[in-house]
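Notebook open, structure loaded. I'm jotting down what I look up as I go.

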Amino acid sequence: MEIEERIGYNFKNKELLKKALTHTSYAYEHNVESNEKLEFLGDSILEFISSKYIYQKYPKLKEGEMTKVRATVVCENSLYKIAKLHDFSDFLYLGKSEQVTGGKNRPAILADSVEAVIAAIYLDGGIEPADRFIIQNLKNEIEIATKNVGIKDYKTVLQEKLQEHGDVKIEYQITKEKGPDHNKSFEAQVKCDGEILAKGEGKSKKEAHMQAAKRALESFK
């Protein structure tokens with residue numbers, strides 16, 4: 001299969017690869033098993049392999065810094081980039097409803113399929129090819145994350161800026177939730193002493209808060 005060339009691994013059991021690329025919408029329509037269980041396993045393998053690599057490659061990082069690097073890299077956005085790099089959208093098995101609504105380009109679906117493929121590689125060939133696939137695709141992201149690990153996040157910088165001349169009340173609120181459970185997006189606002197400073201959007205509440213803080217900082221420039 002063409003996807004095997006893209007990911008650099010040839011499956012002995014081709015059905016395992018097909019299952020890894022089978023979304024729940026397709027599974028429901030065709031009465032077959034979806035990639036959800038593989039996704040569950042792949043998530044754990046991804047955490048373990050990336051943790052081991054960070055531990056061995058960057059011995060000077062403290063435990064908290066290693067956790068931050070892993071959280072930055074083992075996330076939907078990074079996995080989505082891997083899926084786009086290898087054109088996973090061309091190979092997904094989606095139900096009619098998902099095809100109509102553009103599911104093949106949905107970040108959550110693509111990210112989940114990468115985790116499922118990782119598990120499929122592991123079950124088919126063991127830990128070494130799974131390790132190789134993960135590190136080949138994430139080592140650059142990990143390198144960037146280690147360089148940024150000491151940099152303060154937008155919320156911290158905003159707090160320091162607003163409190164330069166004394167204590168103020170800073171609040172973050174989620175004002176809107178959109179989309180189904182598997183692909184939610186959030187809108188947040190940041191307030192200072194009751195005044196709305198800025199709004200932001202993100203795929204998680206934390207990301208929405210961060211984007212609101214970023215926009216608030218940009219408004220001060």
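I started with Y122, which sits in helix α8, residues 107-125. Helices here are DSSP runs of H or I with at least four residues, strands are runs of E with at least two, and both are numbered from the N terminus. This is a predicted model, where local features need pLDDT of at least 70, side-chain atom pairs count only at pLDDT 80 or more, and totals for chains, interfaces and linings use all residues. Residues are numbered from 1 along each chain as its sequence is written, and side-chain values use heavy atoms, with hydrogens and water left out.

**Surface patch**

The cut-offs are under 20% relative accessible area for buried, over 50% for exposed, and partly exposed in between, with a 1.4 Å probe and protein chains only.

**Salt bridges**

I searched the whole structure and got 13 salt bridges. The criterion is a side-chain nitrogen of Lys or Arg within 4 Å of a carboxyl oxygen of Asp or Glu.

- E33 and K37 make one, at 3.9 Å from N to O. E33 is partly exposed at 39% relative accessible area, and K37 is exposed at 63%.
- E47 and R70 make another, with the closest N and O atoms 3.7 Å apart. E47 is in helix α4 (residues 36-57) and R70 in helix α5 (residues 63-73), so this pair ties together parts 23 residues apart in sequence.
- K81 and E141 meet at 3.1 Å, N to O. This pair links distant parts of the chain, 60 residues apart, with K81 in helix α6 (residues 76-85) and E141 in helix α9 (residues 127-148). K81 is partly exposed at 40% relative accessibility, and E141 is partly exposed at 23%.
- I also noted a salt-bridge network linking E2, R6 and D87.

**D131**

I went back to helix α9 for D131. D131 counts as buried because its relative accessibility is 18%. Which residues does D131 contact, leaving aside neighbours within four places in sequence? I found I49 and K52, with contact meaning heavy atoms within 4.5 Å. I checked E63 too: D131 is 68 residues from E63 in sequence and 22 Å away in space, C-alpha to C-alpha.

**The sheet**

Last, I traced an open sheet of 3 strands, ordered β1-β2-β3 with antiparallel pairing. Its edge strands, β1 (170-178) and β3 (195-202), each pair on one side only. Neighbouring strands are turned by 20° against each other on average, direction ignored. Strand β2 (residues 185-192) pairs with β3 over 7 bridges; two strands count as paired if DSSP finds at least two bridges between them. C192 has E195 in β3 as its bridge partner.

Helix α10 (residues 154-162) packs on the sheet, touching β1, β2 and β3, and its direction makes about 140° with that of β1. Helix α11 (residues 205-220) lies across β1, β2 and β3, at about 130° to β3. Axes are lines fitted to C-alpha atoms, for helices over the stretch in contact, and angles run from 0 to 180 degrees between N-to-C directions.
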